[in-house]
Amino acid sequence: MFVSSTPWLGVIVLALAPVSAHAALPADPLGSPMWQRLGTTLFGSDPVRFDDRVRVDFPEIAEDQSSFPVTVDARGIKGVKRILLFADLNPIPLAIDYAPQGARAFLGTRIKLDQRTPVRGAVQLEDGSWLVSGGWVDAAGGGCSAPPASRVKGDWAEHLGQVRGIAVRERDGTHIRLAFRHPMDTGFVTNIPTYNLDTVALSGAGSKSYGTMRIEASVAEDPTISVIADTAAGEPIVLRGSDTNGIRYDGSLAVHDAAPALAAVG
């Protein structure tokens, strides 16, 4: 773990733009009241269609609305260049915007849920069009407006900047799992401003990219991120990350042929 001496502020706000006349969005099979407005904001005038080949997997009921597991799996679709994970009715709808260069079209993480909402995955193809899928999730609510556990304990600063990970070569690629220590403040708790991990990039030998992602505060506290890359044998994976206050998460991770314990990245 390395800490930058030059903090910077890069809070990203998803503004919900008015629906434009040229946005030809298809009718929403989930009947979300936010589909037209949110779809126009995320996809602009790009063609959009619903496609069940975009597999969005999650529990039907959110037992913990502050940490809800979701995976988006579009490995059966050719030419995926971008993956979005979002929850329509969250105050911060977008969770992750992932460009999987050199990696498979797969993303796993945990997000916050503020109420019952559709949770969706969308993938953009090389022709610029989008494929969307997802479903409704029952949640008690309040996941975005409750203080993080580390804020309640008061020990969040003691662990800030730590990251652990594993990378294991399997038949379908190298499975990479990263776990960051970060409060992921949404800005909806009194006297606690928005503060979140916001960029993560993975690369290999010769600066080969294994994906870059933009992360929003709707991702759960102490984020976990899972991707699948096509790494070479013995190749280390280089991590470059930062949060909205300029804290750096930089290091490297060895690739193993069998699953080791989760190791510190540094």
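**Close-up views of strand pairing, salt bridges and aromatic pairs**

Asp-57 stands opposite Thr-71 in E4. The model shown in these views is predicted.

**View 1. Strand E4 pairs with strand E2 and with strand E7.** Strand E2 covers residues 55–57 and strand E4 residues 68–73. The two run antiparallel and are joined by three bridges. Within this pairing, Asp-57 faces Thr-71 of E4. E4 also pairs with strand E7, residues 106–111, again in the antiparallel sense, and here there are six bridges. In E7, Phe-106 is the residue opposite Asp-73.

**View 2. Asp-73 and Arg-75 form a salt bridge.** The closest N and O atoms of Asp-73 and Arg-75 are 2.7 Å apart. Asp-73 has a relative accessible area of 8% and is therefore buried. Arg-75, at 35%, is partly exposed. Asp-73 also takes part in the strand pairing of View 1, where it stands opposite Phe-106 in E7.

**View 3. Gly-76 lies in the loop between E4 and strand E5.** Strand E5 spans residues 80–87. Gly-76 counts as exposed because its relative accessibility is 69%, the cut-off for exposed being over 50%. Val-54 is 22 residues from Gly-76 in sequence, and the C-alpha atoms of the two are 8.2 Å apart in space.

**View 4. Asp-28, Asp-88 and Arg-120 are linked in a network of salt bridges.** The structure holds 13 salt bridges. In one of them, the side chains of Asp-28 and Arg-120 meet with an N to O distance of 2.7 Å. This pair links distant parts of the chain, 92 residues apart: Asp-28 is in the segment before helix H1 (35–43), and Arg-120 is in strand E8 (residues 117–125). The side chain of Arg-120 also meets that of Asp-88 in a salt bridge, at 2.8 Å from N to O. Asp-88 lies in the loop between E5 and strand E6 (94–99) and Arg-120 in E8, so this contact ties together parts that are 32 residues apart in sequence. Asp-28 and Arg-120 are both buried, and Asp-88 is buried as well.

**View 5. Trp-35, Phe-43 and Trp-130 belong to a cluster linked by ring pairs.** The structure holds six aromatic pairs. One is formed by Trp-35 and Phe-43, whose rings are tilted, with 6.2 Å centre to centre and 55° between the planes. Both of these residues are buried. Phe-43 and Trp-130 form another tilted aromatic pair, with 5.0 Å between the centres and 45° between the planes. Phe-43 lies in helix H1 and Trp-130 in strand E9 (residues 130–139), so the pair ties together parts that are 87 residues apart in sequence. Phe-43 counts as buried because its relative accessibility is 2%. Trp-130 is also buried, with a relative accessible area of 0%. Along with Trp-35, Phe-43 and Trp-130, the cluster includes Phe-50 and Phe-86.

Key
Residues are numbered from 1 along each chain as its sequence is written. This is a predicted model: local features need pLDDT of at least 70, side-chain atom pairs count only at pLDDT 80 or more; totals for chains, interfaces and linings use all residues. Side-chain values use heavy atoms; hydrogens and water are left out. Two strands pair if DSSP finds at least two bridges between them. Helices (H or I, at least four residues) and strands (E, at least two) are DSSP runs, numbered from the N terminus. Buried means under 20% relative accessible area, exposed over 50%, partly exposed in between (1.4 Å probe, protein chains only). A salt bridge is a side-chain nitrogen of Lys or Arg within 4 Å of a carboxyl oxygen of Asp or Glu. Rings of Phe, Tyr and Trp (its six-membered ring) pair if their centres lie within 6.5 Å; planes under 30 degrees apart count as stacked, over 60 as edge-to-face and the rest as tilted.
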